Amino acid sequence: MQLIDWLIVLIYLILTMWMGLYLSRKGSKSLADFFVSGRSLPWWLAGTSMAATTFSIDTPLYITGVVANRGIAGNWEWWIFGISHVIMIYIFARMWRRSEVITDAELTELRYGGNMAAILRGVKAFIFAIPMNCIAIGYAMLAMVKVVEALEIWQNLGIDASENNLKLLSVIGVSIFVLIYAGLSGLWGVVATDFFQFFLALFGAIIVAFFAVNSVGGIQELITKVPEVMPDKDILSLSPLTIGKNGDTLINFSKTAGITASTFFAYIALQWWSWRRSDGGGEFVQRFAAAKNETEAEKAAWLFNIMHYVIRTWPWILVALASIVIYPNLEDRELGYPKLMIDFLSPGILGIVVASLVAAFMSTVSTSINWGASFITNDLYRRFIKPDATQPQLVLVGRLSSLLVTVLGAIAAFLATDVATVFRLVIAIGTGSGLVLILRWFWCRVNAAAELTAIVASFFVGMTTSLVPAFKIEDFGLRIMFITGTVTLLWVTAMFLTPRESDTTLDEFYRRTLPGGPGWKQQRMKTGLSPAQDLGKDLQKVLASILLLFGALLATGGFLLLKPNIGWIFLIIGVLGWVWLQQLNKSKILPMPRPGLDDDDFV
């Protein structure tokens, strides 16, 4: 880091801090302003903020480690969430906006009633805000610490201390800075800075990819050298599946794949629907709730998918491949990304890329802080401690909660050592509850006991099989399968052993969200309200969009990796998905008749 690099980073930090402090006035008016921006976000800002939230400093380090250790096919660990994110566009985004909740925990007392619903809301808010969220913040902070250490920032400042003390200084430093603007400005400050941070972070990733690929002689040389460095592993394959030889069309699992057959099966068959955000929940709920209307929420979800899966995947993978060639003996593969920055970027360019990584870090951690604080404030403090709290009091509690979440996240960062391991832990403790979260929108029989059992069992079974030596399941795919099966058995049993929700509660939920499908037939007849979605048509849109999204993702990879046959095949698949989607968007569906009304009552 030269003087010009420090100046670039400093200018970026000052501008970010100024924007956060300036927007703190908008977030100070009320709880809705602080946590959902007064429900006034345009789609392009909400969608970019969603993409920025999932692009942290840990992401390029994580992918660098995944590609080096498990090959490109190892990215299915996160690519497969594209299915649930496409479902989110057409099935859930509009319903979340219609619910007008501030957090997904708040939805529980809209969907369920009685003491069990209150207990569920409190337990869910605590688990999501503290252990789950703080572990997630911890691995983002850990990645930032790794970059700080790789740049030897403390040594350049003349600070000579032990490795642990330097790590502690790094954790404290990044925590204080991100807390200042995230804790003061609320969601307005988060999404406004997210917009600039996302494009700066993407630009930085493209710069690193350009220099990294050129350093090994271009794409052709890169593709040639990777198998030479790792001849025992099929790093370049987009999938661990292979077609049988000698005319045999049987699909086989590659013996040189970086992931096991059970793990790949768990990704494809289970993970995307078993995950706790299978219905678009989590931090995204804030963006949907903050959107101007339902259409804006749906557009935001589409923009996120394009940016998250198609646009920014491949710069990271190219850097990962270059790090394999340039640093074949690197012990911590995740450090390949920052090492490439230091070794190949010139002064000034290095400052821009470091600022881009800081931007990526801040966009994710600030969102996690604001999201965790929303649970503590809205679902614990206001719901159980002081229901009559004034709006200024709630905003103050929101800021104090931001401090608590940041401190706990910093502790998690200090204790962690490996980004990929912590990422898998986050997946494990959130697996198993996804199916009940999906079904609660479309099946009136799902009750609070079922969801409570799923949330608690998911957390404890995931923690036990990931951290307790006597019960730890090393194979990640088998671990996911065991967690999903165990949790599903528990929540289904709990559901049928306890009564269904009252008709009053179910009627009110239906009035608010208007879900489609056969599961609310009784409520449609009683309320006289037609569903606001055509579930059958929306499911067709989901299938078309999956073809479009994954076709674009894998076509881009096929052409970049000089595999034109694969590129053309998936490009055709993507185009077919796009044509199908356009036809579905053009077709008109007549409104469903309401009881007691004639056809002449409809316009």
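In this predicted model, the charged end of Arg 111 sits over the ring of Phe 509, at 5.6 Å from the ring centre. A second contact of this kind involves Arg 276, whose charged end sits over the ring of Phe 128, 5.1 Å from its centre.

Aromatic rings also meet one another. A pair of aromatic rings is described by the distance of the centres and the angle of the planes. Searching the whole structure gives 20 aromatic pairs. One of these joins Phe 81 and Trp 275 in a tilted arrangement, with 5.6 Å from centre to centre and 45° between the planes. Phe 81 belongs to helix 6 (residues 81–99), while Trp 275 is found in the loop between helix 12 (261–274) and helix 13 (283–290), so this pair ties together parts that lie 194 residues apart in sequence. Are these two partners buried or exposed? Phe 81 has a relative accessible area of 8%, and it is buried because the cut-off for that class is under 20%. Trp 275, at 9% relative accessibility, counts as buried too.

Trp 441 and Phe 509 form a tilted pair, with their centres 5.8 Å apart and an angle of 50° between the planes. Here again distant parts of the chain are linked: Trp 441 is in the loop between helix 20 (434–439) and helix 21 (448–467), and Phe 509 is in helix 23 (residues 503–513), 68 residues away. Both Trp 441 and Phe 509 are buried.

Ring pairs also build a cluster, which takes in Trp 76, Trp 78, Trp 79, Phe 264, Tyr 309, Trp 314, Trp 316 and Phe 550.

The C-alpha atom of Leu 529 is separated by 7.3 Å from that of Arg 511, a residue 18 positions away along the chain.

Finally, the surface carries a nonpolar patch of about 690 Å², made by Leu 3, Ile 4, Leu 7, Leu 10, Ile 11, Ile 14 and Leu 15.

Technical notes
Residues numbered from 1 in each chain as written. Predicted model: local features only at pLDDT ≥ 70, side-chain atom pairs only at ≥ 80, totals over all residues. Heavy atoms only, no water. Phe/Tyr/Trp six-rings, centres within 6.5 Å; stacked < 30°, edge-to-face > 60°. Helix = DSSP H or I, 4+ residues; strand = E, 2+ residues; numbered from the N terminus. Buried < 20%, exposed > 50% of the residue type's maximum accessible area, 1.4 Å probe, protein only. Lys NZ or Arg CZ within 6 Å of the ring centre and 35° of its normal. Patch = residues over 30% accessible without salt bridge, like charges linked within 9 Å, V, L, I, M, F, W, Y side chains within 5 Å. Areas by Shrake-Rupley, 256 points an atom, 1.4 Å probe, with all protein chains shown as cover. Salt bridge = Lys/Arg side-chain N within 4 Å of Asp/Glu carboxyl O.
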